[in-house]
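Work through the exercises below with the sequence and the coordinates open. Try each task before reading its solution.

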Amino acid sequence: PHCPIPTPTTTPSQTATYHLLPLLLHISTNNMGKSVKKDKKEKKEKKDKKSKKSKKESKEAVVSTKALEKRVEAATAGTTVPTSSTATSLSSSSSSSSSKVDWLAWRKENGVRLLDENEDSHDAKFAPWTTFDDMPSSAIPSQLLNTACGNFSKPTPIQAQALPLLSSGRDVVGCAETGSGKTLAFGLPGLARAAAQREAATGDARRAPCMLVLAPTRELARQSDAVLKPVAESQGYRSICVYGGVPKGDQQRALRKGVLFIIATPGRLLDLMSEGVCDLSYVSFFVLDEADRMLDMGFEREVRQIAEACGTALPASSRRQTAMFSATWPMEIRKLASEFMVDPLRIIIGTDELQANGRVTQQVELFDDDRRRQGRLLRVLQSESKDQLIIVFALYKKEAARLHRLLEQNGYKVALLSGDCSQQAREHALASFRKGSLKVLVATDVAARGLDIPNVELVINYSFPLTIEDYVHRIGRTGRAGKSGRSITFFHDADKQHAAGLVHLLKETNNDVPPKLMTKYPMVTKRKEHSMYGAHYNPDVDPSAPKKKVHIKF
């Protein structure tokens, strides 16, 4: 009934192996321990060498920077300092050390900073063209330059620094305020490249656009078109400004006929692309103007779609060049630049943070009863000169329409600019206000960003905007091109959440702060909230970035 279990038989060699196993395991463990210790030692040595090398490089960089700063200070003071051997040498033999000191001093004087992660921004190949005589005809054709800049004595800071970089084929991010001349800063090298490409093109490529400028609003698109179109026409090239609110027929016919470049808003451009009328595959020069505003308006998906369509038919030897201009440098713009651009150089004129114009005198008036604002507005306008241009900002379209009627009933010649106006009415309002035939413009925040309307002397904020950033853009419509300006802001209890931010801004720009503004309202700045994360949202942190490891010791 019971089956006996067979006894396993072992050979003498197997028995010997069993006896040797503890010894073999001991030897293997010792060898592993020695190997681990050796690896740790090698890693430590490499780390020490790397640390010493980085310390040496940082020390040399500090010495180099200090030497350059001394030379810049010497240039501005009219004295000379011997060149340090550790200072960055000029890459071109034709550039003397004295000329380098000159343009370094020019950067310091004009508040120009050039940032690049991979190269030395003090290299002579990044030198600005501070005069029109500095611009070689091989980069910017003389006829093109004379037509565009014949009425100007010298380039603006953004033009002087951006023109040589864009002409050399580099991708550029420019941080400068509207009205600084950035349209020609990207327009001239873009037109030069597009014209050269068109001359060499054959077949369908001779009708396809070679340059695209993308703007967030119709007004900004038309503003850029007014600058660049005459320059292109003087050279015998056609262009088109594409935006919504008008029939598509003329735009479709112009695109089929062929244009050298397009200036467009995202929505209408995508419509024409989906209809097969607009081909961007030969675009070799792509410009994002007012990029931060574009993202604020929710155009990120459209911008990505358009960027991906640009330059797909270009030969492998010719890549698309991209220029991006923005008043600020938030995380969203940095992420966009890293995706669309190749090793971009960043030019900053003044600061890449949002700042109020220091040439604008800001006055804040407090109201216990917001219904009193209407009478105060009429008294302010009566006290002002009849010849000056004034913008009155309202928060909502209906409020703007109501103020427009109020001022017309009181005998003022007023223009209205809001989202409810037709395109024809908007164009007429802006043209009349620019010419001065209408002295007062009532507008919503559609006119607070980007529009360059010269000679505006006074901005009145009838209603406080939704954010402090919008307030800065509103008052920035005056005090432009080096001139001074004024702003008057009506503030009441419904605006109390902006009190702390407004006080900070007034102090920062050395303007008077009403004592009641500080005592009546809480001086607490509300954090920017996110629709998903609420007040815990930090706009300066990239959510897609890998998280750092957290080590907890007990």
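**Exercise 1: A glutamine and its surroundings**

Leaving aside neighbours within four places in sequence, Gln423 is in contact with Arg218, Arg222, Tyr243, Gly244, Gly245 and Val246. Contact means heavy atoms within 4.5 Å. The model is predicted: local features need pLDDT of at least 70, side-chain atom pairs count only at pLDDT 80 or more, and totals for chains, interfaces and linings use all residues. Residues are numbered from 1 along each chain as its sequence is written, and side-chain values use heavy atoms, with hydrogens and water left out.

Task: In which helix is Gln423 found, and does it count as buried or exposed?

Solution. 
- Step 1. Locate the residue. Gln423 is in helix H14, residues 423-435. Helices (H or I, at least four residues) and strands (E, at least two) are DSSP runs, numbered from the N terminus.
- Step 2. Buried means under 20% relative accessible area, exposed over 50%, and partly exposed in between, with a 1.4 Å probe and protein chains only.
- Step 3. Apply them. Gln423 counts as buried because its relative accessibility is 4%.

**Exercise 2: The parallel sheet**

Task: In what order do the strands of the 6-strand open sheet lie, and which are its edge strands?

Solution. 
- Step 1. Two strands pair if DSSP finds at least two bridges between them.
- Step 2. Read off the order. It is E9-E14-E13-E10-E12-E11, and the pairing is parallel.
- Step 3. Find the edges. Strand E9 (360-367) and strand E11 (414-417) each pair on one side only.
- Step 4. Neighbouring strands are turned by 20 degrees against each other on average, direction ignored. Axes are lines fitted to C-alpha atoms, for helices over the stretch in contact; angles run from 0 to 180 degrees between N-to-C directions.
- Step 5. Check one pair. Strand E10 (residues 389-393) and strand E13 (residues 456-461) run parallel and are joined by 5 bridges. Val392 has Ile460 of E13 as its bridge partner.

**Exercise 3: The mixed sheet**

Task: What is the strand order of the 8-strand open sheet, and which way do the side chains of strand E6 point?

Solution. 
- Step 1. Write the order. It is E1-E8-E2-E7-E6-E3-E5-E4, with mixed pairing.
- Step 2. The twist averages 15 degrees from one strand to the next.
- Step 3. Check a pair. Strand E2 (residues 172-175) and strand E8 (residues 345-349) run parallel, joined by 4 bridges. Cys175 has Ile348 of E8 as its bridge partner.
- Step 4. Take E6 (residues 285-288). Phe285 and Val287 point one way, Phe286 and Leu288 the other, and all are buried. In a regular strand the side chains alternate between the two faces of the sheet.
- Step 5. Look to both sides. Strand E3 (residues 211-214) runs parallel to E6, with 4 bridges. Strand E7 (residues 321-326) also runs parallel to E6, again with 4 bridges. Val287 is the bridge partner of Val213, and Ala323 in E7 is a bridge partner of Val287.

**Exercise 4: Two helices crossing**

Task: At roughly what angle do the axes of helix H3 and helix H5 cross, and which residues meet?

Solution. 
- Step 1. Take the geometry. The axes of H3 (residues 142-149) and H5 (residues 182-200) come within 11 Å and cross at roughly 150 degrees.
- Step 2. Classify. Angles under 35 degrees count as roughly parallel, over 145 as roughly antiparallel, 65 to 115 as roughly perpendicular and the rest as oblique. H3 and H5 are therefore roughly antiparallel to each other.
- Step 3. List the residues. Leu144, Leu145, Ala148 and Cys149 of H3 meet Leu184, Leu188, Leu191 and Ala192 of H5.

**Exercise 5: An enclosed helix**

Task: How many of the residues of helix H4 are buried?

Solution. 
- Step 1. Count. In H4 (residues 157-167), 9 of the 11 residues are buried, so the helix is largely enclosed by the rest of the structure.
- Step 2. Name some. The buried residues include Ile158, Leu163 and Pro164.
- Step 3. Look past the end. Gly169 follows H4 and has a positive phi, near 95 degrees.
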